Every structure is written in C-alpha cells, then in structure tokens.
Amino acid sequence: MADFIFYKQLINHLDSAILVLNQDLTVRYLNPAAEALLQVSGRRCFGEPASHFFADANEERQTLSLSIKHEQAFTKREAQVRIINNQELTMDYSVSPVEFD
C-alpha cells in the first residue's frame with residue numbers, strides 16, 4: 001500500500017496529463033494535469049469509457065485494445081481529442097500498458 005501512495009503522489013505532481021485505464025478501457029484515475037486538460041474531475045470520469053474523450057472513438061478504442069493485447073507501447077501524434085464540453089483539442093499522446101497487482 002505504501003508503494004501505491006508513493007506512485008500516486010508522484011503522478012499527481014507531474015505536469016503531464018496521466019489517465020489510468022483498466023483492460024475494459026474505462027477510466028480508473030486522472031491526475032490533476034489530466035483533470036485540467038480535460039476540464040473534468042477524476043470522480044466524474046471514473047468508470048467512463050476512455051473513448052468518450054476521442055473524436056474518432058472507434059479508431060481509438062481499437063488502437064488501445066491492440067496495445068493492451070500485444071503489450072506494446074505507442075505514441076500518436078496530432079490526435080483529435082474531444083473533451084466533455086465537446087471542445088476538440090489536437091495533442092500528442094503515448095500509451096504504455098502496465099500490469100497492476
């Protein structure tokens with residue numbers, strides 16, 4: 001449990017937006033930078049499908065699923081990301097599959 005608290009504190013102090021998803025691609029956690037970028041609280045997003053944030057949800061869902069299946073990281077450049085208020089942002093993002101105990 002001490003490791004979890006340490007890592008959460010570390011993630012919370014990053015300037016980069018971090019979204020933690022489960023294998024079903026639903027939101028498990030957002031750090032404060034992600035909350036600011038997406039203009040939504042982590043509590044509101046908890047359990048929501050990650051595709052909710054992407055303009056082309058089908059393509060993104062498929063890409064994320066393949067990343068998990070093959071345990072392979074990737075970076076996407078100039079992705080169109082829709083946030084809760086329907087504003088679209090262009091951003092680069094990286095996906096790194098990790099396994100939690």
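Q: Why is Tyr 7 called partly exposed?
A: The relative accessible area of Tyr 7 is 47%. Buried means under 20%, exposed over 50%, and partly exposed in between (1.4 Å probe, protein chains only); Tyr 7 therefore counts as partly exposed. This is a predicted model, in which local features need pLDDT of at least 70 and side-chain atom pairs count only at pLDDT 80 or more, while totals for chains, interfaces and linings use all residues. Residues are numbered from 1 along each chain as its sequence is written, and side-chain values use heavy atoms, with hydrogens and water left out.

Q: What makes the pair of Phe 6 and Tyr 7 edge-to-face?
A: The ring centres of Phe 6 and Tyr 7 are 5.4 Å apart and the planes stand at 65°. Rings of Phe, Tyr and Trp (its six-membered ring) pair if their centres lie within 6.5 Å, with planes under 30 degrees apart stacked, over 60 edge-to-face and the rest tilted. The pair of Phe 6 and Tyr 7 is therefore edge-to-face. Phe 6, at 47% relative accessibility, is partly exposed.

Q: How do you know that Phe 74 and Tyr 93 form an aromatic pair, and of which kind?
A: The distance from centre to centre is 6.2 Å and the angle between the planes is 70°, making the pair edge-to-face. Phe 74 lies in strand E3 (residues 74-82) and Tyr 93 in strand E4, so the pair ties together parts that are 19 residues apart in sequence. Both Phe 74 and Tyr 93 are buried.

Q: Is Glu 60 buried or exposed, and how do you know?
A: Glu 60 has 3% relative accessibility and therefore counts as buried. Glu 60 belongs to helix H4.

Q: With which side chains does the side chain of Glu 60 make a polar contact?
A: The partners are the side chain of Lys 76, at 2.6 Å, and the side chain of Tyr 93, at 2.2 Å. A polar contact is a pair of N or O atoms within 3.5 Å; within protein, one must be able to donate a hydrogen and the other to accept it, and residues adjacent in sequence count only if both atoms are side-chain atoms.

Q: Why is Asn 31 called buried?
A: Asn 31 has a relative accessible area of 0%, and therefore is buried. Asn 31 sits in the loop between E2 and H2. A polar atom of the Asn 31 side chain lies 3.0 Å from the backbone oxygen of Ile 11.

Note on methods: Helices (H or I, at least four residues) and strands (E, at least two) are DSSP runs, numbered from the N terminus.
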